[in-house]
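Student: I have a structure open and would like to learn how to read it. Could you take me through it feature by feature?

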Amino acid sequence: MAGLINEEDLATVRERSRIEDVVGSYVTLRRGGGGSMVGLCPFHDEKTPSFHVTPARGFFHCFGCGEGGDVISFVQKINHVSFAEAVEFLADRVGVQLRYTDGGGQRLEPGLRLRVLEANQLAAEFYAGQLLSGTGLPGRQFLDGRGFDKAAAEQFGIGYAPTGGRELGAHLKARGFTDDELVKAGLVRENGWDFFQGRVLWPIRDAGRSVLGFGARKIFDDDRMPAKYLNTPETIVYKKSNVLYGLDLARGNIARKNQAVVVEGYTDVMACHLAGVDTAVASCGTAFGDEHARLLQRLLGTGDVAGGEVVFTFDGDAAGQAAALKVFKGDQNFLAQTYVAVEPTGLDPCDLRMEHGDAALRELVGRRVPLYRFVMRNVVSGFDLDRVDGRLAALRAAAPLVSSIRDASLVSGYLRELAQLLGMDPEEVRREVKVTVQRRARPDQQQRRPEPDATDALPGMPPPRPSLPVPDPRDRRLEAERGTLRLIVRAPETFGEEWNGLVADNFLHPAYRALFEAVLAAGDGPGGWTQRILQANPDPVLEQLVISLAVEPVLREPTEGYAREYSAQLRVQALSRQIADAKSKLQRTNPLDDQPAYNRMFAQLVELERQRRELLALATGPAV
């Protein structure tokens, strides 16, 4: 039985654990003004950061989901641990040895987490030294054969486990570690043998560069372990579903470039970074899964769908196609756009760099295609398209892929592309996709009115007009939209002609867009202002929305300047989306292949940036 944590030690842990450093290990934080830092909330999915950290007060709070607390409660929530375990985690992190009073419940041995991390760090240093020794020649030969020199090995901390089988254990026990600690760290087996023997090793680090475990590659034919790759077993610090190799090197670049490149192996990560693709990471000992996706999404920083991207590299063989299908099923975990980069020759990134150089690897990522397109083409390729029944079967197999596309604005384009792949009439494909989607619906859903899917909005298929979705007034991602409409409803006289240049496309939420369209249609006439708006669109959701906006408080007196700030802020958001699209298109255009088009797009981008700067000058006040 363990005791309660000493109050003095608890206070020391709180004092030394800077909340911005702890939270920053999980979430990319940016300065948000007023002494706060902002990022994407790790406790719920969001596109626009609503998660705030206030270092001066030591608290965090999410205005989207309501989660909040101090540094200890953050660790409790993010790691799903008890209060005592969270304190022990932080104590290990800041080097505080906890004392306990009588009573309390069971817990980990005091300082075990810290001891495991210390043992891992010493093991990494030991393995790195072995690689450079005489016994490490086989490891150096393997790395040289993969195109990696001494500098590369040092950059990534590559090591070598001797074939004797007891060298590491003896080395660490001489440094004061017990057999029990080494077993719990996953470095030594219970029978006393080193866990890794005769293998090249890669240290797997977290974002803070702490060594969590190792990945080991087989290099001897007579290796007693048949697996080509062997990883540290699950420990109190190493959870393979929650770690990514290369994250310590790529984390800052991912946040800065708003891009992550996911490869399949340790040498692929090395090759990418050495070639200039410094956002590359890889899963460790397991397939890329949901937790990995959520980890990357948090690190991407802005969460802007148009601005962030995750690029997967797969082999062009059947295994690579299967991996792409698996990732596609988890695509909803990403708010960023997902892409696939496949080398036509079948070379993985490491081999591609060896045979064709660094530029070829950068070009591989540059040739990325949307994940939907890659998966759709692979599904269609499995059917005989020379036969009518084969084309129909391929269409029905691809229909669920089209209907699941997250961005409804892309559906029409993918339907046309599918029609081209199949050699069928686009309208025929459009009709069959809708029928197939309805056929695959669950029986209980077929008994009630079907909800509209992405194909309902396609030309030539007018659906019954659905009721508008109710917007969440607490959604900070739509704060500028709601605030602008609040002013329009309450004080339309504060806006200039043409509503300060606003258009319906500036509003993303369907209800807010519909309300602004009703505003445009209301005009002058008999009756009150709100009555004319509701007469333009009598939707019941719109009626409740207008009522809510009419009674919601405003924190500043409505003025023309206040209205200009709001409308400028909304237009800035729309321009930012256009700029992100323009940058994405420019990045995918090779200036050597099409110089005129590249120059034209660059000029358009410069003009959009100029417009945004002008609008930012108007949006001088916070929209609250």
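Student: Among contacts in the protein chain between residues at least 6 apart in sequence, what percentage join residues at least 24 apart?

Tutor: Keep in mind that this is a predicted model. In the protein chain, 67% of the contacts between residues at least 6 apart in sequence join residues at least 24 apart. The chain holds 26 helices and 15 strands. Of its 624 residues, 47% are buried.

Student: What is the mean pLDDT of the protein chain?

Tutor: The mean is 82, and 84% of the residues reach 70 or more. Two stretches call for care. For residues 302–306 the pLDDT is below 50, and the model gives this stretch 17 contacts beyond near neighbours in sequence. Residues 442–465 also have pLDDT below 50, with 27 such contacts. Where pLDDT is low, the predicted coordinates should not be read in detail.

Student: Now a helix. How far apart are the end C-alpha atoms of helix α5, and what span should its residues give?

Tutor: Helix α5 covers residues 112–132, which is 21 residues. At 1.5 Å a residue they should span 30 Å, and the end C-alpha atoms are 31 Å apart, so the two values agree. Among the buried residues of α5 are Leu112, Val116, Leu122, Phe126 and Leu131.

Student: Why is helix α16 described as largely enclosed by the rest of the structure?

Tutor: Count its buried residues. In α16 (residues 371–380), 7 of the 10 residues are buried, so the helix is largely enclosed by the rest of the structure. Those residues are Leu371, Tyr372, Phe374, Val375, Met376, Asn378 and Val380.

Student: Let's turn to aromatic rings. How many aromatic pairs does a search of the whole structure find?

Tutor: The search finds 19 aromatic pairs. A pair of aromatic rings is described by the distance of the centres and the angle of the planes. Take phenylalanine 51 and phenylalanine 74: their ring centres are 6.4 Å apart and their planes are at 50°, so this pair is tilted. Phenylalanine 51 belongs to strand β3 (residues 51–54) and phenylalanine 74 to helix α3 (residues 71–79), so the pair ties together parts 23 residues apart in sequence. Phenylalanine 51 is buried at 0% relative accessible area, and phenylalanine 74 is likewise buried at 0%.

Student: Is the pair of tryptophan 499 and tryptophan 529 stacked or edge-to-face?

Tutor: That pair is stacked, at 5.9 Å centre to centre with 25° between the planes. It links distant parts of the chain, 30 residues apart: tryptophan 499 is in the loop between α21 and α22 (510–522), and tryptophan 529 is in helix α23 (residues 529–536). Both tryptophan 499 and tryptophan 529 are buried.

Student: Which residues do ring pairs link into a cluster?

Tutor: The cluster consists of Tyr26, Phe43, Phe51, Phe60 and Phe74.

Student: Where does the charged end of arginine 476 sit?

Tutor: Arginine 476 has its charged end over the ring of phenylalanine 63, 4.7 Å from the ring centre. Elsewhere, arginine 115 lies over the face of phenylalanine 177, 4.1 Å from the centre of that ring.

Student: Is aspartate 475 buried or exposed?

Tutor: Aspartate 475 has 17% relative accessibility, so it counts as buried. You will find this residue in the loop between α20 (443–446) and α21 (479–490). Its side chain makes a polar contact of 2.9 Å with the side chain of arginine 477.

Student: How should I read backbone angles? What is the phi of asparagine 258?

Tutor: Start from the general rule. Most residues other than glycine have a negative phi, and most peptide bonds are trans. Asparagine 258 has a positive phi of about 60° although it is not a glycine. The residue lies in the loop between α10 (247–257) and β11 (259–263), and asparagine 258 is buried at 11% relative accessible area. Tryptophan 499 also has a positive phi, near 55°. Its relative accessible area is 15%, so tryptophan 499 is buried.

Conventions. Residues are numbered from 1 along each chain as its sequence is written. This is a predicted model: local features need pLDDT of at least 70, side-chain atom pairs count only at pLDDT 80 or more; totals for chains, interfaces and linings use all residues. Side-chain values use heavy atoms; hydrogens and water are left out. Helices (H or I, at least four residues) and strands (E, at least two) are DSSP runs, numbered from the N terminus. Buried means under 20% relative accessible area, exposed over 50%, partly exposed in between (1.4 Å probe, protein chains only). A polar contact is a pair of N or O atoms within 3.5 Å; within protein, one must be able to donate a hydrogen and the other to accept it, and residues adjacent in sequence count only if both atoms are side-chain atoms. The expected span of a helix is 1.5 Å times one less than its number of residues. pLDDT is the predictor's confidence in each residue, from 0 to 100. Contact means heavy atoms within 4.5 Å. Rings of Phe, Tyr and Trp (its six-membered ring) pair if their centres lie within 6.5 Å; planes under 30 degrees apart count as stacked, over 60 as edge-to-face and the rest as tilted. A charge sits over a ring if NZ of Lys or CZ of Arg is within 6 Å of the ring centre and within 35 degrees of the ring normal.
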